[in-house]
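Here's a walk through a few local features of this one. Have the sequence and the 3D view open as you read.

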Amino acid sequence: MRTGHLLLILPLAVALATGVLPQGPGQGLASEEQIETAQEPSAAAGPSTGPASEPESLADRKARREEELSTLTRDLSLSADRQAALAREIRAIERDREALNADLLRTAQRVTRLEEQLASTESRLRRLGENEDAVRASLVKRQDVLAEVLSALQRIGRHPPPPLAVRPRDALGAVRSALLLNAVMPELHVEAQALASDLASLRQLKVSSAAERDRLVADGQRLAEERTRVELLVASKKRDRERSEAELAQERDRSRQLAEDAGTLKELIATLERDIASARNAAEAARKADEARRNAPPPSDPFSDPGRLAPAIAFAQAKGRIGAPVAGTVLRDFGAQDGFGGTTQGRSIATRTNAQVVAPVDGWVVYAGPFRSYGQVLILNAGDGYHILLAGMDRTNVEQGQFVLAGEPVATMGETRVASAATLDLAAPQPVLYVEFRKDGVSIDPTPWWVRPEEEKARG
């Protein structure tokens with residue numbers, strides 16, 4: 001009688017292991033969909049699934065996935081109606097400089113958060129893809145065994161052994177079936193469980209990947225809208241300035257000539273603040289702001305006034321308050337080995353393509369343009385002899401002499417990394433922003449000025 005109970009339970013256990021119950025004498029334990037899913041890696045691998053072809057297939061699939069991730073958000077654009085609505089909204093506030101600055105700072109913060117979310121989503125998608133590849137590779141390696149398991153399960157479903165409790169006359173057949181099944185069922189059961197687990201994992205990975213892709217596209221649409229808003233706000237600020245285009249063009253040409261002739265950054269900054277009117281005015285404004293602050297009590301919240309025309313606190317007092325100028329991953333920090341026998345003079349941050357770059361501090365633009373192999377370079381005078389250097393961008397959207405607020409968008413990264421002297425040996429395919437703090441022409445350690453990550457998240 002115990003043998004009959006065992007024979008009644010064994011087919012049910014196998015069916016539960018695979019997640020499919022027999023529906024009748026003419027149907028197997030595995031559904032057509034599961035059989036096709038199990039056979040899909042084999043068909044994709046082609047007639048030859050040897051060790052030489054499998055790595056190539058995985059590499060091709062990984063490369064295709066990376067291309068899909070980059071194209072999902074690259075070509076997103078806004079409709080003409082939405083662009084017109086944003087333009088009307090900007091025109092409504094462009095006469096109020098304080099409101100314009102406040103809206104620009106808020107929009108820049110939203111852009112940074114969206115870029116961080118997109119980077120996290122892309123990272124999760126890559127991990128899901130790698131897990132899916134691992135499951136598929138496991139199925140491919142075990143496809144012969146899995147085919148035997150599925151065939152055995154189907155045969156058991158079509159020709160179940162005679163249970164002793166139902167057909168007592170066939171006791172001898174029941175005993176023979178029990179002996180045979182007891183010999184093969186443990187291994188069959190283990191393989192059936194492994195197959196069910198792999199199929200369930202593959203199905204869940206596909207569902208998770210689809211959800212992450214939907215989130216990526218949605219965030220990409222929001223990012224496209226916020227970037228358009230930033231462009232309109234920056235254009236409005238440019239219209240608000242009174243300097244003529246001819247004067248600006250003349251100064252840009254002269255600044256680039258000085259940059260080509262300068263041998264070092266220290267020499268470039270000194271020459272600019274001596275020979276270029278806008279840079280000289282910016283340095284003078286920084287000096288006057290330093291004198292005014294010495295005679296005024298420090299404000300409770302120096303960053304609360306978006307209409308300020310000078311830094312509310314001295315740069316030396318901003319330690320622990322400066323956030324990262326771009327969303328990304330720190331590749332190398334100040335004082336690390338640079339690969340040439342020396343140490344780095346700043347921080348290198350790997351970013352997403354076309355990432356937004358914001359001013360880390362209040363300051364005046366001393367230089368905005370190309371310099372040597374650094375790509376587009378932006379130099380800010382933060383007062384009291386401090387300068388902030390940002391390098392490796394694709395384009396800048398500020399002008400020499402302009403005062404910018406901490407958190408204000410000032411530049412945009414490109415599609416690929418700029419091979420500069422600061423990041424030449426970094427094996428990073430994505431764009432890299434180089435940030436350097438200088439005091440009286442000498443590089444200094446920026447670590448005390450950076451806000452701690454937990455405080456930055458709390459500040460949002």
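## Ground rules

Two strands pair if DSSP finds at least two bridges between them. Helices (H or I, at least four residues) and strands (E, at least two) are DSSP runs, numbered from the N terminus.

This is a predicted model, so local features need pLDDT of at least 70 and side-chain atom pairs count only at pLDDT 80 or more, while totals for chains, interfaces and linings use all residues. Residues are numbered from 1 along each chain as its sequence is written, and side-chain values use heavy atoms, with hydrogens and water left out.

## Strand S4 and its partners

Let's start with S4, residues 363-370. Seven of its eight residues are buried, where buried means under 20% relative accessible area, exposed means over 50% and partly exposed is in between (1.4 Å probe, protein chains only). S4 pairs with S5 (residues 376-383) in the antiparallel sense, over six bridges; Ala 368, for one, has Leu 378 in S5 as its bridge partner. The hairpin of S4 and S5 has five residues between the strands, and there Arg 372 takes a positive phi near 50°.

S4 also has an antiparallel pairing with S8 (residues 403-404), over two bridges. In S8, Phe 403 is the bridge partner of Trp 364.

How many aromatic pairs does the structure hold? There are nine, counting rings of Phe, Tyr and Trp (its six-membered ring) whose centres lie within 6.5 Å; planes under 30 degrees apart count as stacked, over 60 as edge-to-face and the rest as tilted. One of them involves Trp 364 and Phe 403: the ring centres are 5.0 Å apart and the planes are at 55°, so this pair is tilted. Trp 364 belongs to strand S4 and Phe 403 to strand S8, so the pair ties together parts that are 39 residues apart in sequence.

Are these two residues buried or exposed? Trp 364 counts as buried at 5% relative accessibility, and Phe 403 is buried too, with a relative accessible area of 13%.

## An aromatic cluster with lysines

Ring pairs also link Phe 315, Tyr 386, Phe 437, Trp 449 and Trp 450 into a cluster. Two lysines turn up over rings here. The charged end of Lys 319 sits over the ring of Trp 449, 4.9 Å from its centre, and the charged end of Lys 439 sits over the ring of Tyr 386, 4.5 Å from its centre. The criterion for a charge over a ring is NZ of Lys or CZ of Arg within 6 Å of the ring centre and within 35 degrees of the ring normal.

## A three-stranded open sheet

Next up is an open sheet of three strands, in the order S3-S9-S7 with antiparallel pairing. S3 (356-358) and S7 (395-396) stand at the edges with a single partner strand each, so one side of each has no neighbour in the sheet. S3 pairs with S9 (residues 409-412) over three bridges, and Val 358 has Pro 409 in S9 as its bridge partner.

## Positive phi in two loops

Asn 354 is not a glycine, yet its phi is positive, at about 60°. Asn 354 lies in the loop between S2 (347-351) and S3 and counts as partly exposed at 24% relative accessibility.

Asp 384 also has a positive phi, near 55°. Asp 384 sits in the loop between S5 and S6 (386-393), and is partly exposed with a relative accessible area of 35%.

## Over to the helices

The axes of H9 (residues 265-275) and H10 (residues 277-294) come within 5 Å and cross at roughly 95°. Axes are lines fitted to C-alpha atoms, for helices over the stretch in contact, and angles run from 0 to 180 degrees between N-to-C directions. H9 and H10 are therefore roughly perpendicular; angles under 35 degrees count as roughly parallel, over 145 as roughly antiparallel, 65 to 115 as roughly perpendicular and the rest as oblique. Residues making the contact (heavy atoms within 4.5 Å) include Leu 272 and Asp 275 of H9, and Ala 277 and Arg 280 of H10.

Helix H7 (residues 171-240) holds Glu 212, which is buried with a relative accessible area of 10%. Leaving aside neighbours within four places in sequence, Glu 212 is in contact with Thr 121, Arg 124, Leu 125 and Leu 128.
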